[in-house]
Amino acid sequence: MSAIASDALVLRTLKLGETSKIVVLLTRERGKVRAVAKGARGPRSRYHSSLEPLSEVRVELHGRQGTDLYRLGQCELVRSAFPAGDRGLETALSLSYFAELLDAFSQEGEAEDAAYRLAVAIVRAAEDGVDPAALARYLEAWLLKLHGLYPPLDRCAACGGLLPRGALRYHRAAHGFVCDDCGPASGPVLPEGARAFVVDAFRRAPAAMTGVPAEAAVLESFHQDLITNHLERALRSQRVMRDVARETRER
Ligand SMILES: [Zn+2]
């Protein structure tokens, strides 16, 4: 039985018994996989800090092809998502949101190279200090697009005609943006700035995103609607971030 070697991002870990962990990984070779990391919770764990969420690692997985649970062999830390010290609360929360989002959109055992490259680029951009809110909207837009869930930004979902410049009007019944002739649209309306942000996101690397538009809140709730519809549940860390933001405001 030969081991599988793969680049991977750690998505999350779960406790297993007294001393071990189950690690959920996004691998380049096999998509999302679960692996048992024996002794990972012991004081002299061989895995040290390589199992922190969104750490970039090089792993060796043992187990039969198509197995539900691999055994984690070597796990070499390539790049930590949490370099010593300087993590603000917002960045830390954003990183856990990115990990949860990637986890929710990834299929077990199905390699998606585009999603893997996207994830790595996002983590590195976060590390380079790109606004975490811009990265969150960027990642949401791309994961939705890669799963065929982002409505076209230039064509009317009802008649196929070219959409005029300016704000975009979403119509739930058409699952997309519609032109004035095919309206009235149910909403929401994406203001011009939000539309420009998404157009940019689909053209540029995450490291090139300079900030979020003034209308970021509209874009955020539009994306959350699409995500919740697709997953049929809301994401936990999104809720946590909103609570923290509210508390910070109220203080
Ligand atoms: Zn139309």
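Q: How many Å separate the centres of domain 1 and domain 2?
A: Keep in mind that this is a predicted model. The protein chain is split into domain 1 (1-84) and domain 2 (87-251). Taken over C-alpha atoms, their centres are separated by 28 Å.

Q: Which strands each supply at least two residues of the side of domain 1 that touches domain 2?
A: The two domains do meet: 17 residues of domain 1 are in contact with 19 residues of domain 2. On the domain 1 side, the strands that each bring at least two residues are β1, β2 (20-27) and β3.

Q: How many residues of that side of domain 1 are nonpolar?
A: Let's sort the residues of domain 1's touching side by kind. There are 6 charged and 2 polar ones. That leaves the nonpolar group, which counts 9.

Q: Where does the largest nonpolar core lie?
A: This core has 62 residues, and Leu9, Leu25, Phe98, Ala119, Ile122, Leu135 and Leu139 have the most contacts inside it. Domain 1 (1-84) and domain 2 (87-251) both contribute residues, so the core lies between them. As a general rule, nonpolar side chains in soluble globular proteins tend to be buried together. So the place to look is between domain 1 and domain 2.

Q: Leaving aside neighbours within four places in sequence, which residues is leucine 135 in contact with?
A: Leu135 is one of the residues with the most contacts inside the largest core. Setting aside its neighbours within four places in sequence, its contacts are Ser94, Ile122, Ala125, Ala126, Val130, Pro206 and Met209.

Q: Which residues make up the covered face of strand β4?
A: In a regular strand, side chains alternate between the two faces of the sheet. In β4 (residues 56-62), the uncovered face holds Glu56, Arg58, Glu60 and His62. The covered face is Val57, Val59 and Leu61.

Q: Which residue in β5 stands opposite valine 57?
A: Strand β4 runs antiparallel to strand β1 (residues 4-16), with 6 bridges joining them, and valine 57 is the bridge partner of alanine 8 there. β4 also runs antiparallel to strand β5 (residues 70-79), again over 6 bridges. In β5, valine 59 has cysteine 75 as its bridge partner, while valine 57 faces leucine 77.

Q: In which sense do strand β3 and β5 pair?
A: Here 2 bridges join β5 to strand β3 (residues 31-37). Valine 36 stands opposite arginine 71 in β5. The sense of this pairing is parallel.

Q: Which element has the lowest mean pLDDT?
A: The protein chain has a mean pLDDT of 90, with 96% of its residues at 70 or more. Where pLDDT is low, the predicted coordinates should not be read in detail. Strand β7 (residues 176-177) has the highest mean, 98, and the lowest, 73, belongs to helix α6 (residues 236-250).

Definitions and conventions: Residues numbered from 1 in each chain as written. Predicted model: local features only at pLDDT ≥ 70, side-chain atom pairs only at ≥ 80, totals over all residues. Buried ≥ 20, exposed ≤ 12 C-beta atoms within 10 Å, placed from the backbone. Helix = DSSP H or I, 4+ residues; strand = E, 2+ residues; numbered from the N terminus. Pairing = 2+ DSSP bridges. Core = buried A, V, L, I, M, F, W, Y, C linked by C-beta atoms within 7 Å. Domains from an automatic or database assignment. Contact = placed C-beta atoms within 7 Å. pLDDT = per-residue confidence, 0-100. Nonpolar A, V, L, I, M, F, W, Y, C, P; charged D, E, K, R; others polar.
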